[in-house]
Amino acid sequence: MTTKSPLHTPARPEDENLGVVANVAYGFQHVLTMYGGIIAVPLIVGQAAGLNSAEIGMLIAASLFIGGLATLLQTIGIPFFGCQLPLVQGVSFASVATVVAIVTSGGGLPSVFGAVIAASIIGFVITPIFSNIIKFFPPLVTGSVITIIGLTLMPVAARWAMGGNSKAPDFGSMTNIGLAALTLGLVLLLSKLGNAAISRLSILLAMVLGTAAAWGLGLVSFAKVMEGPIFAFPAPLYFGTPTFEIAAIISMFIVVLVILVETSADILAVGDIIDTKVDARRLGDGLRADMISSAVAPLFGSFTQSAFAQNVGLVAVTGVKSRFVVSFAGLILVTLGLLPIMGRVVATVPTAVLGGAGIVLFGTVAASGIRTLAKVNYHNNMNLIIVATSIGFGMLPIAAPSFYHDFPSWFATIFHSGISSTAIMAILLNLLFNHMTLGNSDQQSVFAAGTERTIRPEALKNLSEGDYFTEGKLFDVEGNEICVAADCDDNRKPKNEH
């Protein structure tokens, strides 16, 4: 493992290169963290489209392959594309509902792919709008969004810990939850050890040990690892030539808007976590990489691409800020896309093991958001109610997933995501109260007044030099208790003296 001397410390923390061995190890840890999420979308879509297992396997391979290429573009970057931050890219879960709706309404996968291509191109065109709103993302906004990212992912960790498949007979069993608890305990134990390398690899090592424990209990089988091809290249246009339907494109464009908001939040979040500068140009480069990857993905059988929030959490947990680590994760994803056998090996990791690790990962994201919110000035302003309303609004679809069931589909698509809900609300309220000051009252509301202790001027006028307050009572300079009006008798003496 290569150790950099202080003389060679890069100007940006994300530019540190830890060496091949560390890059591969930490990169594989990133892949394990997001593997369940990246294969979930093609699994769901493939089943909705009525595909057989081999065809679903092609969707999964394409998603891994394109996710890897998108990650390389985002982390390494080329002029105008890629924010050069440690962000893992993959199929966006925000598109699932819309994709399934298009598939089941008769459009089929060609209509889905056409809609993704067209909507992503439109999204690419409007990226300058999003990249120039960075001034509206102060810690007040980013802290709220980072916090809700962690809270949004916690139900995912809970489902993983219970087994992942709610229809399985062992879903929620003590075996699954016990395995998740074991993994969580291993993460904490390994993180406590003095060795820095082991501590940073605690997530990966805990997953390996958790999988080994599951194998020892007969809960994991490697029998199917050798079934299927060893090498396979994602075939372009394997599922047919994309078709372009207006209704499908409009629906998908709404999803793209959500992805732009979420990716903006993720880029700003990881920039805050690793303490590096993210300006409008860098944000625009990241969004363009997102959109161009999304536009190319359907040609190989994949869908919209975006940054994975759970890997933002991994960066926070491990403290490994290097973008080259994530670049190696991209190489591993490309390899998995070309070598289905490797994907089958990784797929043997029990979902419950992922759940145990996810509790730490996703909780760390929320904690990072709280740390960012601690930097916010709450003195004599409305920032407290902005944070409270934004997080509360974002919690609605998390606490009640069917909350927007009867709303128009375009509205539900946008606000069903707690991340986009919080981002939109925080941005709007920040604009309303902190930028559009016209009409703001100089007598702040109870929410502003409640952000710190205050005392009325009338009370101060009644105090004399030397008065002091102790043990809940007020005394004058000579030590005589001063009566509080409500507790005085007719002689202006405290009632408790009688």
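Biologist: Why are helices α9 and α11 called roughly parallel to each other?

Modeller: In this predicted model, α9 (residues 246-274) and α11 (residues 309-318) pack at an angle of about 5°, with their axes 10 Å apart. Angles under 35 degrees count as roughly parallel, over 145 as roughly antiparallel, 65 to 115 as roughly perpendicular and the rest as oblique, and α9 and α11 are therefore roughly parallel. The axes are lines fitted to C-alpha atoms, for helices over the stretch in contact, and the angles run from 0 to 180 degrees between N-to-C directions; the helices themselves are DSSP runs (H or I, at least four residues), numbered from the N terminus.

Biologist: Which residues make the contact of α9 with α11?

Modeller: On α9 they are D266, A269, V270, I273 and I274, and on α11 they are A309, V312, V315 and A316, where contact means heavy atoms within 4.5 Å.

Biologist: What makes α9 roughly perpendicular to α17?

Modeller: Helix α17 (residues 418-435) packs against α9 at an angle of about 75°, with the axes 9 Å apart, and that angle makes the pair roughly perpendicular. Here V258, V261 and E262 in α9 meet I419, S420 and A423 in α17.

Biologist: How do you know that α9 is largely enclosed by the rest of the structure?

Modeller: Buried means under 20% relative accessible area, exposed over 50%, and partly exposed in between, with a 1.4 Å probe and protein chains only. Of the 29 residues of α9, 22 are buried, so α9 is largely enclosed.

Biologist: Why does the length of α14 agree with what a helix should span?

Modeller: The expected span is 1.5 Å times one less than the number of residues, so the 23 residues of α14 (residues 351-373) should span 33 Å, and the end C-alpha atoms, 32 Å apart, agree with that.

Biologist: Why does S327 count as buried?

Modeller: S327, which lies in helix α12 (residues 323-338), has 5% relative accessibility and therefore counts as buried. Leaving aside residues up to four places away in sequence, S327 touches L72, T75 and I76.

Biologist: What should be kept in mind about the numbering and the values?

Modeller: Residues are numbered from 1 along each chain as its sequence is written, and side-chain values use heavy atoms, with hydrogens and water left out. Because the model is predicted, local features need pLDDT of at least 70 and side-chain atom pairs count only at pLDDT 80 or more, whereas totals for chains, interfaces and linings use all residues.

Note on methods:
Helices (H or I, at least four residues) and strands (E, at least two) are DSSP runs, numbered from the N terminus.
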